[in-house]
Amino acid sequence: MSERNDKMKEYYRKYDYNSRRPVHVDPDDLTEQQRYRLMESDHFCMIPWTHIHGFPTGEAYPCCLGEMEYPIGNMRENSLEEIWHGDKYTGMRQQMLADKPCVECTRCYEQEKNGFFSMRNSHNKHFGHHIGKVDQGINPEFNIVYWDIRFSNQCNLKCRSCGPMFSSLWYDDHVAMYGKDPGHKRIERAGRTKTDIWEQMEPQIDNIEQIYFAGGEPLIMQEHYNILKELVRRERFDVRLIYNSNFQKTTYKDLDVLEYWKLFENVSIGASLDAMGPRAELIRAGTDWNEVMRNRERMLKVCPEVDFYISPTMSIMNVFHVHDFHRDWVERGFLKHSDLNVNILQSPEWYRADCLPQHMKQDAIAQIKEHMDWLEPYDTVKRAINGFNSTVTFLEANDNTQYLAKFNDMRRLLDGVRDEDFYATLPELKELASYE
């Protein structure tokens, strides 16, 4: 275990969160065109040569940030390999080889415009060593090295910014709000049968380098544990495991995920925690904040070497609070200063932080900058600082106050259905009630 810790310390000592330099290949060993694509291009991304993303409702996308209007296929109608070789995915590859923008990728383009280190940049950085696959052109061999399939929408929370597509608990609220079902069942599964996706993925295990587990909530899904068990059976402890979890439950039936995490060489837990205390329990309904705290305390005892960071979805609901939450957990010893990765909310539009009126934006920016002054001496890798800086840029870039009326409509609907009082819990936003 000490050898593993030494490797990880050396890795993070060299790691630059804001650099586009590939991690696993020396740029000097690449051709000029390969270096340009990975480190300079505004449009190229390795994802179409390494990955397929799947929604619980069956739609397939190039990645989890792909625009929902532009799926590349449907896993309930076609196999993953058929989607891989399909016209829509090969068309994306053609656009990228020509260094042209793709309609599927506008969220990454917006993130980059506002200073965020986008998924496109991150994927080129971490999978740039597969640049040789690009030489196979627009129809490469079906070989997935990065997995992110949302097996189902099974979830134990119903976050305000989510919906029934990704949370089974949202189903009844949707029916109560709109008087009809959302157009799909309470529990949705991605494939043609309950076991279809696993049966297609299992032959790819020897190729896999990284798995991203999200949901729904992955820590309460049987499929997640099936994958871990198979990786252990094959002794694939080198596979990098990355999670986006609400961190509410760390046990499932008789299984303890902390005991599995201890076995793997590289595990990163991004806890999707937006706030602390009552704010957390309102923004992500179903949260038991005391249970979250206990889980973090137990993790520090059972597997302290596993990378853990909070990954708040920065929105209008928590932009005045994330910095307080961050500092509180650092001071408790739950986090290092750099252990925060901002995920900026881009949709639904009415929850975007840039919906705030100008004077409230300035208040939020002032508070964030004060927090960064405290953070600056300690966040040497700049992960948290980059997220806060990019949030400031995002707030300054756009005026989306036109969505505040919709924001209040949704607030009233959910408050009524859930018997909650949004502004009583988040009084820093009470002024927004006047925007009808």
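Phe 247, Trp 289, Phe 308, Phe 325, Trp 329 and Phe 334 are linked by ring pairs into a cluster. The structure holds 22 aromatic pairs, a pair being rings of Phe, Tyr or Trp (its six-membered ring) with centres within 6.5 Å. This is a predicted model, in which local features need pLDDT of at least 70 and side-chain atom pairs count only at pLDDT 80 or more, while totals for chains, interfaces and linings use all residues. Residues are numbered from 1 along each chain as its sequence is written, and side-chain values use heavy atoms, leaving out hydrogens and water.

**Aromatic pairs of Trp 84**

- Trp 84 and Tyr 89 form an edge-to-face pair, 6.0 Å centre to centre with 85 degrees between the planes; edge-to-face denotes planes over 60 degrees apart.
- Trp 84 also pairs edge-to-face with Phe 142, at 5.6 Å and 70 degrees.
- Because Trp 84 lies in helix α3 (residues 80-84) and Phe 142 in the loop between α6 and β4 (146-149), this pair ties together parts 58 residues apart in sequence.
- Phe 142 is buried at 14% relative accessible area, where buried means under 20% (1.4 Å probe, protein chains only).

**Charges over rings**

- The charged end of Arg 93 sits over the ring of Tyr 89, 4.4 Å from its centre; the criterion is CZ of Arg or NZ of Lys within 6 Å of the ring centre and within 35 degrees of the ring normal.
- Arg 383 lies over the face of Tyr 309, 4.6 Å from the ring centre.

**Ile 316**

- Ile 316 is buried, with a relative accessible area of 0%.
- Beyond four places in sequence, Ile 316 touches residues including Trp 350, Phe 407 and Leu 432 (heavy atoms within 4.5 Å).

Technical notes: Buried < 20%, exposed > 50% of the residue type's maximum accessible area, 1.4 Å probe, protein only. Phe/Tyr/Trp six-rings, centres within 6.5 Å; stacked < 30°, edge-to-face > 60°. Helix = DSSP H or I, 4+ residues; strand = E, 2+ residues; numbered from the N terminus.
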